[in-house]
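Work through the exercises below with the sequence and the structure side by side, and try each task before reading its solution.

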Amino acid sequence: MVMIMKLLYELKPEQYAVLAPETQEDVWYCVPVDLKFDHKVWQAEESFVKGEEYLVVTETRILVLSGTEILYEKALAECSEIKCETMVGCGIVTALAEGKRECIVRFSMRHIERVAYVARGADLLAKGDREKVVSHEFEKYCLKCGRALPGTSRCPKCDSKNVMIKKFVGLCGGYQWKLLAISCMMILNSGISILMPYVQRQFIDTKLVDKSGTIADVLKFVGLMLSMTAVLITVNILRNWWCVSLGSLMSMDLRRKLYHKIQVLSMSFINKRKPGELMNRVSGDTRQIRRFMEEVFGGMLSTLFTMIATLVIMISMNARMTLYSTMLIGVVAVLTRVFWKFIHKIFHMQWVKDDKLRSGLQDVISGMRVVKAFGREEYEVTKFKALTRDFCRVQKKNETFWALFYPVLTFIMGIGSYIAIYFGGIDVLEGKMTVGSLTQFVTYTGYLYGPLGWMTHLPRSIMQMITSLNRIYDVLDEEPAIKDGENSREIEIQGDIRFEDVTFGYNSYEPVLEHVDLDVKKGEMIGLVGASGTGKSTMINLIMRLYDVDRGRITVDGMDIKEIKQENYHAQLGVVLQETFLFSGTILNNIRFANPTATLEEVIRAAKAANAHDFICKTPDGYNTYVGERGFNLSGGERQRIAIARAILNNPRLLILDEATSALDTESEYLIQQALDRLTEGRTTFAIAHRLSTLRNADRLVVIDGHRIAEIGTHDELLEKKGMYYGLVTAQLQMAKMETK
């Protein structure tokens, strides 16, 4: 029996038989591929869905299978390395065997992540690391349809349609008493509405038709109807008040949950989303839920109760007339059902365009200084007009659809009332029905078709709500890529850091670091050197555990970094990043961000150590000076020194300096360097600097090139080697000479 370990797509029985007719070895991986070696499409799009061409990895072999024909076959034991590589417009899987690299298969970029996953697993199998393969979790693709999932285990296509209803019911779960109150109000509303036509019928048949009524009877009838109307209005006011309260509370809770979720989600998720998109989900989508609860939810259930009760009474009064007058309801239901998917599609597209519009606006406002500096105002205006035009086009299309669709339904429903009048009028003329009964029946027909007319708008409101709810739960259902394990614990960091055969890439198919080994002792200052894009900042990100390694591990004081609680670990870090960020607020609050309980004296000491105290005292309000959005009221060097003071205040066990002196002039850089020398004493420090002179006093320099560590040593040792570091220093000296001429 063939065992499937990591199946992505199902093979046919005859294909299993071709793989290993005698041994029936286990199949570990199976994914579709769609390009020939000459880059031409292998088969029509439909064949990929059915699964005709596959990259297959068994216990001992890697194969390319087309139907029942094996196009390529290689023993894993012969491969020293199997990896996925990106080319221009496509990807390839290659194998290194006997010193030669050969291409196994090509595929379009839409398959890149899943094929890269398989190539990584095949490489582990080829190296005999079976345990690592088995423990390698697979969460990014739907096992039913193979569709890439948006970071969750929930497939938008294969998910049950009832999931959103269940989520909505779960959303209402904490508000039982408010829902009970709203339900009581709705039942009372329906009861009074249904009772009023009955009162009218009795008055017409007993007082008006035979003219036996008096002025007193008319006054009693009017008074009774006014009283019932007053009660009905009061009930509606209470119902609306409870709905508004419920909608506001649900919206508030969703905003808090979303904001908290965004805070705990990993950088890999945040970096894939535009700020405007996330802002729209926190504000716009939650507002849509509130509007649904306030404007639709109460009326929807009340209307439903009224329609059901009305239909029951109409059937009891005259089943034949009820059948005639309600037969068009089926037409309305069919039309609504036919356009249901289209309605969902157009509103989803409207939200996508709205996201792009908000993100574009947020980008321009945040980068307004750059826009003005390059004189690109007209370009940005034109670009924003295009985004606005796209959004307007989609919105206009949606509103035009409703402007045409709703009148058609209204006309169809209006016919139902005239049918009731026609057949009822005949019955009255023939003496089969009283005038009061006809009035009551026609009124009930209005109750049936009137709410039905209102409910034709319901699909629009429901789809808007479902779209927003989908987008909200797309974030809430997201599992953080970086999370604490069950056995995670708190430790007091001493400072020993070790990289053990670490491989990592922000995309699984593009490694940034490969097979990195580095042992750092407590108190050492390590300078990370290399050209841009070689992986220096990536090493810093891994040390801070903003990302988890793909292979290997990082240990802190001998413990795997994944076994340390994140909050405890991050609280012992001091970080000064290349892009200095200050929050809107005072200088004091920005420095205190690292330690909110710090006293003013501690803040001043940290500012002095960062050489920031003097310039702070010269500001209008000293430490209470407002720094503005992102700190733009301060110079770049001043912002950098505040960021350094913020790191110092945290009294870190592990210090991260990513171009910490990049924004300083020569004099300030010298003073800050002295402060940093004092700060780094006794602390493990990782520092990145393009000015190599600032790393002269580092205990060791780590030169990174080609995704690997190329050289390690002190400044003098690396100069003596006359290798890559020597070349970098020489190049900088030559640049300095040119600048002084």
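The pLDDT is the predictor's confidence in each residue, on a scale from 0 to 100. The model shown here is a predicted one.

**Exercise 1. Find out how confident the predictor is along the protein chain, and where its confidence is lowest and highest.**

Begin with the chain as a whole: the pLDDT averages 77, and 81% of the residues score at least 70. Next, go to the individual elements, where helix α2 (residues 45-50) has the lowest confidence, with a mean of 40, while strand β13 (residues 559-560) has the highest, at 92. Where pLDDT is low, the predicted coordinates should not be read in detail.

**Exercise 2. Decide whether tyrosine 569 is buried or exposed, and list its contacts that are distant in sequence.**

First place the residue: tyrosine 569 belongs to helix α18, which covers residues 566-570. Its relative accessibility is 2%, and because buried means under 20%, tyrosine 569 counts as buried. Now leave aside the neighbours within four places in sequence; tyrosine 569 is then in contact with Ile493, Ile543, Met544, Arg545, Val556, Ile561, Ile564 and Leu654.

**Exercise 3. Describe the backbone and the accessibility of glutamate 98 and of aspartate 557.**

Start from the general rule that most residues other than glycine have a negative phi. Glutamate 98 is not a glycine, yet its phi is positive, at about 55°, and aspartate 557 likewise has a positive phi of about 55° without being a glycine. Then locate both: glutamate 98 sits in the loop between β7 (90-97) and β8 (100-108), whereas aspartate 557 sits in the loop between β12 (551-556) and β13. Finally, turn to accessibility, where glutamate 98 has a relative accessible area of 77% and is therefore exposed, while aspartate 557, at 26%, counts as partly exposed.

**Exercise 4. State how many helices and strands the protein chain has, and what share of its residues is buried.**

Count the elements first: the protein chain has 25 helices and 18 strands. Then take the buried share, which is 47% of the 741 residues.

Notes. Residues are numbered from 1 along each chain as its sequence is written. This is a predicted model: local features need pLDDT of at least 70, side-chain atom pairs count only at pLDDT 80 or more; totals for chains, interfaces and linings use all residues. Side-chain values use heavy atoms; hydrogens and water are left out. Helices (H or I, at least four residues) and strands (E, at least two) are DSSP runs, numbered from the N terminus. Buried means under 20% relative accessible area, exposed over 50%, partly exposed in between (1.4 Å probe, protein chains only). Contact means heavy atoms within 4.5 Å.
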